[in-house]
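Colleague: I would like to discuss how the chains of this assembly meet. Please show me the model.

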Number of protein chains: 4
Amino acid sequence: MSDAHAHHGYISNKDAYLKRLKRIEGQTRGLQNMVADEKYCIDILTQISAVTSALESVALGLLDEHLNHCVVEAVAEGGPVAEEKLKEASAAIARLVKS
Amino acid sequence: MSDAHAHHGYISNKDAYLKRLKRIEGQTRGLQNMVADEKYCIDILTQISAVTSALESVALGLLDEHLNHCVVEAVAEGGPVAEEKLKEASAAIARLVKS
Amino acid sequence: MSDAHAHHGYISNKDAYLKRLKRIEGQTRGLQNMVADEKYCIDILTQISAVTSALESVALGLLDEHLNHCVVEAVAEGGPVAEEKLKEASAAIARLVKS
Amino acid sequence: MSDAHAHHGYISNKDAYLKRLKRIEGQTRGLQNMVADEKYCIDILTQISAVTSALESVALGLLDEHLNHCVVEAVAEGGPVAEEKLKEASAAIARLVKS
């Protein structure tokens, strides 16, 4: 789907998502420092679980906004546009659940 | 546990882990670019699932090395050292499964 | 939400869901037999992963039908009914991702 | 691995595991009743998340006992027996994390 014309749900919270992703980027650098400094495995694993959870929360936020905007708009339009959008959302949810 | 004297299992593959984590760091920057460029929500969600899976694989690798080195060494030592190490490993596994 | 008047999405596939859940019930009995027969831990763990995956697939199917029927109907109605339904769907997705 | 001679870690807690699995079996029957009674999708999804979490906890318990008994015994024996047992444990952990 082309991004140009669309107003994706998350855009109204764009800065907040950028801030959270910036922090996650910092955490992944922190993981590299832990490995470089030969930190204890369990401490690194604990940090990985924290980063994974942070990513999951960002994903759930984006998904919620997607449902509330893109899917709602498509459903209002109805027909194949709605069907496609719902199928896409279900596939994204499945990937999240299985990852 | 102090890191100084210990030889953690993963250290023999340290460079490989650093490389993988560096790539993951790059992927998190990529996520920020996608949000900054107002990319389509589903495409960002797909990329988050990829980053989460990559992190999980790093964690499973570290855990495998931890079992094969730190836990094996502690078990050889026996007693409370072994018990503590096994308890720690189980708690780390639980965090991974639940995250 | 009262179940009486509602036509939930999954009802058109009710028999298929009942069949899948019946099989899952059988698998949980199988797990009990494995423990009763003192089967090897790893084999039991492998079977638990299979049951968990089967349950996840049922959940993803139900969620897809919920989006395509209950959420679509609510969105058509609009207003607080739609908001509530979307909030509920997002919360269910979060529970699935985190479980 | 043949089950006959082995004393798997979980066997000392066998009755507790059987009780938990019996309850999980009952929960899967409950899911069937919810579908048969055409209950609301979200309520069924909530129940599925509860069953999945219960199964995960059983698995984590079994894994902990496996590490503390089967893996410890194999490590004491050393050589290929230990290597095989550790490899097996890591694969089981990966299945749990990915399911």
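Predicted model: local features only at pLDDT ≥ 70, side-chain atom pairs only at ≥ 80, totals over all residues.

Modeller: Residues are numbered from 1 along each chain as its sequence is written, chains are lettered from A in the order in which they are written, and side-chain values use heavy atoms, with hydrogens and water left out.

Colleague: How many residues of chain A are in contact with chain B?

Modeller: Contact means heavy atoms within 4.5 Å. On the chain B side, 47 residues take part, and on the chain A side the number is 48.

Colleague: Which helix gives the largest share of the side of chain C that touches chain D?

Modeller: The rule finds 18 residue pairs in polar contact across this interface, both at pLDDT 80 or more; such a contact is a pair of N or O atoms within 3.5 Å, and within protein one must be able to donate a hydrogen and the other to accept it, with residues adjacent in sequence counting only if both atoms are side-chain atoms. Helices H1 (14-36), H2 (41-77) and H3 (79-98) of chain C each supply at least two residues, helices being DSSP runs (H or I, at least four residues) numbered from the N terminus. The largest share, 18 residues, comes from H2(C).

Colleague: Which residue of chain D forms a salt bridge with C:Glu25?

Modeller: A salt bridge is a side-chain nitrogen of Lys or Arg within 4 Å of a carboxyl oxygen of Asp or Glu. Chains C and D have four between them. With the closest N and O atoms 2.7 Å apart, the partner of C:Glu25 is D:Arg29.
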